[in-house]
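Hello,

Here is the structure we talked about passing on. Please look it over first; my notes on what was found come after it.

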Amino acid sequence: MILKTSALAHTFKSGRHIQFPDFEVNAGEKIAVVGASGSGKSTLLNLITGVLPLQTGSIQLTEFTYHRLGARDLDTVRADHIGVIFQSLNLIPYLTALENAQLGLQFSTRRRSRVSDAQRVISELAIQLGLSADLLGQKPSELSIGQQQRVAAIRALIGKPELIIADEPTSALDPHATQLFMDQLSSSIDPETQAVIVVSHNPSIIPLFDRVISIGDDQ
Amino acid sequence: MIRIAAASIRSRIVPTILVMIALTTSMALLLAVDRIQDATKRGFNQSLSGVDLVLGPRGSGIELILYTVFHLGKPTNNITTETLEDIESKPFIEWAIPIALGDSHRGFRVISTTAKYFDHIQFGGDQSLTFEAGRPFSALNDVVIGSAVADELDYSVGSSIFVTHGSEALGKVHDDFAFKVSGILNPTGTPTDQAIFVSLEGYELIHLGWTNGSQAVSLKNLDVSQIPKERLYPKTITAAYLGLSSKLNLFKVSRSINEYAEEPVNAVIPGVALAELWSMLGSIDIVFRIFNWLIIAISLIGMVTMTLTGLDSRTREMTILRALGATPANLASMVLIETAIVSITAVLLAIGLVRLLTWGAADFLSHWAGVRIDLTWINFSELSTLMTIVLAGLCASLIPAVMVYRRSLARGFSH
């Protein structure tokens, strides 16, 4: 088991309350979390990554139970065990693609220890994700959206964190590019140790996943 | 983090450079003013030693010191040699050296005096004047030159010199009488280096036949050796340096000379006059210093403003770093590291600029007043001032750093 949530809920200052379904994610699984805009997908992502404090329920990521951890420990768990890909504007504009990819190791001693030669691993991941290694020296502004998403994927994958979370990673891509990106992402993970959760409001991507978790039905 | 912070600064290079220029300039000005002022004071104070009093016509003591010792400004009045002889004969006076000013040679001031000048006048505390070549003047046409004069005009012992009437470069040249260099003084780092010394008699000789600034009779038509020596002793001089038999009587003697009934004269203690000068300039210095600190404060505010205005556009960057596991403290420290990089770079540039400004000022002072100031790199006290400024910058940057910290706690990955 990589991730397990139970009785997870969040209440905003405005009084709005979101109840999330219980779910479990195992190694090798590709899970889609779907829901309409404003259904709480981003809140779920923030709770899983430990950026939002846990109010009700429990989250267990590998051997870590969130309510037993302080904010600093949660930051360490996120750095060590989670790779995040955003919807767009994934990269820091003043760093090259290579430097952006290396950031995946910046805050995690555990992930750093798993990579002896970062540049070689990044080049290998780039090839797996269909990105020419020549582009790694470019700044994000010189790359297409699809290329930027691949650099973000390399950054999320480097050092083999157990959970890859992607927030609407294909919203800026056409259906063919979406299919290709998801295939490449899936083939880049280690099915023995890693799993992928993709958050999306687009139901058309559902066939690409092993399982779907729908949220926002009972708000 | 330092690498990321440095890259982040590079991405905002234009505003960063502008802030850095403001910070560097203000810090350099603050230090340069201080060290130039200190060095100038030291240079001026060391320019004239061994002289207890400067005797001159009644008027401003500071002005008297400036035009006699530093060749700045022009004498407005003379005193009679009769008065000088009378004062010199007093028991408390050990020696008196008359000086007459007015002429120049290619921009260098001519001082007519007696050979005793080279025995009694000292510099840098207690160092006597020494000759690099030749000897003091003895003949009517002998001239002694300072080291800077010799260097700049490429003169050596035996070179001929024509003196210009007045201190203006375009004045009428006393071309009917040539002086010959009899000696060159060793460098002193004082106005002496830029002076040309002739005997009182030689000086008087070239002015024979001159009335109201124009020459009526040329020396070419005269047999100079036939002119009686006493005829060449001047009736008036510009000032005189006095040495006392006992320093304990300094203020008493100064007061008694100031009350001299036969002629309105003034006996100025050089140290006191210079202290008055520094005190007058001190208030200007305080105003200047206040303005400098204000500029530094404004530059620091500019640096913080630059960081604050950049925060909104950097939200995404902060979110990405948070997602990668950066703690709020990591993000706040990145802001502080950026400030540290900017301010420490500004400090290093300021040190270089201070050196450059001091060098420029030293060159200017050397040409303007003949005072040489020491060129040094940064000292501990200056470094402390700069570190205080860096610390102030870091403290000011706590504002955006705390804002980043709070924002990253309050916001998730959505924005």
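I start with chain B. Of its contacts with a separation of 6 or more, 79% are between residues 24 or more positions apart. Two residues are in contact if their C-beta atoms, placed from the backbone, lie within 7 Å. This is a predicted model, in which local features need pLDDT of at least 70, side-chain atom pairs count only at pLDDT 80 or more, and totals for chains, interfaces and linings use all residues. Residues are numbered from 1 along each chain as its sequence is written, and chains are lettered from A and ligands numbered from 1 in the order in which they are written.

Chain B has 13 helices and 16 strands. Helices (H or I, at least four residues) and strands (E, at least two) are DSSP runs, numbered from the N terminus. Chain B holds 415 residues, and 39% of them are buried. A buried residue has 20 or more other C-beta atoms within 10 Å of its own; exposed means 12 or fewer, and partly exposed lies in between, with C-beta atoms placed from the backbone.

One helix pair in chain B deserves a look. The axes of H2(B) (residues 13–45) and H9(B) (residues 270–313) come within 9 Å and cross at roughly 165°. Axes are lines fitted to C-alpha atoms, for helices over the stretch in contact, and angles run from 0 to 180 degrees between N-to-C directions. The two helices are therefore roughly antiparallel. The cut-offs are under 35 degrees for roughly parallel, over 145 for roughly antiparallel, 65 to 115 for roughly perpendicular, and oblique for the rest. The contact of H2(B) with H9(B) has 16 nonpolar, six polar and two charged residues. Here Ala, Val, Leu, Ile, Met, Phe, Trp, Tyr, Cys and Pro count as nonpolar, Asp, Glu, Lys and Arg as charged, and the others, Gly among them, as polar.

Now chain A. Its secondary structure is seven helices and ten strands. Of its 219 residues, 46% are buried. Residues 24 or more positions apart make 75% of the chain A contacts with a separation of 6 or more.

Look at H1(A) next. Seven of its eight residues are buried, so H1(A) is largely enclosed by the rest of the structure. Lys41(A), Ser42(A) and Thr43(A) are among the buried ones. The buried residues of H1(A) pack against strands of chain A, including E1 (3–11), E4 (30–34) and E9 (195–200). Gly50(A) follows H1(A) and has a positive phi, near 80°.

Chain A has a helix pair too. The axes of H6(A) (residues 145–157) and H7(A) (residues 175–188) come within 11 Å and cross at roughly 20°. That makes H6(A) roughly parallel to H7(A). H6(A) gives Gly146(A), Gln149(A), Ala153(A) and Leu157(A) to the contact, while H7(A) gives Ala177(A), Phe181(A), Leu185(A) and Ser188(A). Five of these residues are nonpolar, three are polar and none is charged.

Last, the contact between the chains. It takes 23 residues from chain A and 16 residues from chain B. On the chain A side, H1 (41–48), H2 (71–81) and H3 (97–106) each give two or more residues. H2(A) has the largest share, five residues. The side of chain A that touches chain B has twelve nonpolar, seven polar and four charged residues.

Best wishes
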